[in-house]
Amino acid sequence: MRRIVLWSVGTVGVVALLFGYRTSTEGPGGAPAAVPAISGGNPGAGRAPRASTVFGDAAETQFGPVQVELTLAGGRIARVDVPVYPDETSEDQQIASFALPRLIQETISAQSAKIDMVSGATYTSEGYLHSLQSALDKAGVVS
Amino acid sequence: MTAPIRRYVGHVMGMPVSLALRGPHAADETGAGAWREAFAALEDVDRVFSTYRPDSFVSRYGRGEIGLGECPPELADVVRLGERAKAESGGAFDLWRRHGDGSLRFDPSGVVKGWAVDRAALPLRRLADTDFCLAAGGDMVCHVADPDAPDWTIGIEHPLDPSRLIATVPVRDGAVATSGSAHRGKHIEDARTGLAPEGIASVTVVAADLVRADVDATAAFALGRDALRWLQGRPGATGLVVRSDGSAVPFAGGERRAAA
């Protein structure tokens, strides 16, 4: 079994998205993996007073069973892990070789998010001046 | 405790180039030397491939003044990659783009950037135990050498509001490319029609190398509403499709689903 640490999050909303995706990939031949852009649902696990771990139900996906594990601290979600079970075949490994992008529910700017680089539609040096990437670079540029 | 990140920035090919280094050579002269080597490799590619320079090999090839045989072998490589992408995208991606006046123009930039950054990253890969993320114009190659170091966390710009992020993706060893209409206006066209694609705001692809990620993102964006279906049939990559209405759909290529 491999374990992929997906993300440390501070909001319940991001986790709701994760559940949304898992659900939407259930079963063969279903609808395309439409992920709700915004999900206001609450997994109902955000009330623990101290650090604790909550396992979601294992869901059958086309990659095999997937179970979401939440670590809660102070009533907030401190960490989300997804133990990935099915890695027997090369196809599964190939599919799982890169993490899925995680949607951000709330407005987050580069200044407040812990990110290392920004990927965006091709931009020019002029556009760069206004881009999020420039804000990151200002933090530690050697020119 | 995460090791500090040292950043370098330069401009080449009309694009900003950003490097993040983390690890033993992040702040020393060896790391600085690798950055200079990487940047010089991009400047080298610029001389061969710039469509902005009328005297470049690409411009002369595009005008039919010289054949491929008279061009540097790199141009033949790029033309081959472009032909493969054209076939795989059903013609939506093409190095030869039809313009409003009906003329065809040679523009290899959809392949060149990924190819150039993959190559420019080679000196950075030789830095022992040092992690790097090399970005050019919003696309990047990432590598984590230290098994105990965290992934690089890449923010994906919101195509409808570039001051915001729409998603993040952790990358350990791979490339991220985003195609869309932001920043430069609608500069990607469906090569079959010469029209801007409809229904789509941006496509981000995470793959093993930047040639693959960049070509797939560009081809998928050109496909417009068909982007998601096409990407789901391409194993070995993940990513995000953002529609014109701002809704976003993560995908894993090669999903074993019945054709939707």
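Trainee: Let's start with B:His158: is that residue buried or exposed?
Mentor: This is a predicted model, so keep that in mind throughout. The cut-off for buried is under 20% relative accessible area. B:His158 comes out at 9%, so that residue is buried.

Trainee: Where does B:His158 sit, and which residues does it touch?
Mentor: B:His158 belongs to strand E7 of chain B, residues 152–158. Not counting residues up to four places away in sequence, B:His158 touches B:Arg164, B:Leu165 and B:Ile166. There's a polar detail as well: a polar atom of the B:His158 side chain lies 3.1 Å from the backbone nitrogen of B:Leu160.

Trainee: Now strands. How do I read which way the side chains point?
Mentor: The general idea is that in a regular strand, side chains alternate between the two faces of the sheet.

Trainee: Which strands are joined to E2(B) by bridges?
Mentor: Strand E1 of chain B, residues 5–12, runs antiparallel to E2(B), with eight bridges joining them. One of the pairings puts B:Val9 with B:Ser18 in E2(B). Strand E5 of chain B, residues 131–136, also runs antiparallel to E2(B), with six bridges. There, B:Ala20 stands opposite B:Cys133.

Trainee: What is found between the strands in the hairpin of E1(B) and E2(B)?
Mentor: Two residues, and B:Met13 in that hairpin takes a positive phi near 55 degrees.

Trainee: On to aromatics. How do I describe a pair of rings?
Mentor: A pair of aromatic rings is described by the distance of the centres and the angle of the planes. Over all chains, the count here comes to six aromatic pairs. Take B:Phe49 and B:Trp115: their ring centres are 5.4 Å apart and their planes are at 70 degrees, so the pair is edge-to-face. This pair links distant parts of the chain, with B:Phe49 in helix H1 and B:Trp115 in helix H4 of chain B, 66 residues apart. B:Phe49 is buried at 4% relative accessible area, and B:Trp115 is buried at 9%.

Trainee: What kind of pair do B:Tyr61 and B:Trp96 make?
Mentor: Their centres are 6.2 Å apart and their planes at 50 degrees, so that pair is tilted. B:Tyr61 lies in helix H2 and B:Trp96 in strand E3 of chain B, so the pair ties together parts that are 35 residues apart in sequence. B:Tyr61 is buried, at 15% relative accessible area, whereas B:Trp96 counts as partly exposed at 29%.

Trainee: Which residues form an aromatic cluster?
Mentor: B:Tyr8, B:Trp35 and B:Phe39 form one. Rings can also have a charge over them: B:Arg22 lies over the face of B:Trp152, at 4.1 Å from the ring centre.

Trainee: What about a loop residue like B:Ile66: which residues is it in contact with?
Mentor: B:Ile66 lies in the loop between helix H2 and helix H3 of chain B. Leaving aside neighbours within four places in sequence, B:Ile66 is in contact with B:Phe57, B:Arg60, B:Tyr61 and B:Cys71. With a relative accessible area of 10%, B:Ile66 is buried.

Technical notes. Residues numbered from 1 in each chain as written. Chains lettered and ligands numbered in written order. Predicted model: local features only at pLDDT ≥ 70, side-chain atom pairs only at ≥ 80, totals over all residues. Heavy atoms only, no water. Helix = DSSP H or I, 4+ residues; strand = E, 2+ residues; numbered from the N terminus. Buried < 20%, exposed > 50% of the residue type's maximum accessible area, 1.4 Å probe, protein only. Polar contact = N/O pair within 3.5 Å; in protein donor to acceptor, adjacent residues only side chain to side chain. Contact = heavy atoms within 4.5 Å. Pairing = 2+ DSSP bridges. Phe/Tyr/Trp six-rings, centres within 6.5 Å; stacked < 30°, edge-to-face > 60°. Lys NZ or Arg CZ within 6 Å of the ring centre and 35° of its normal.
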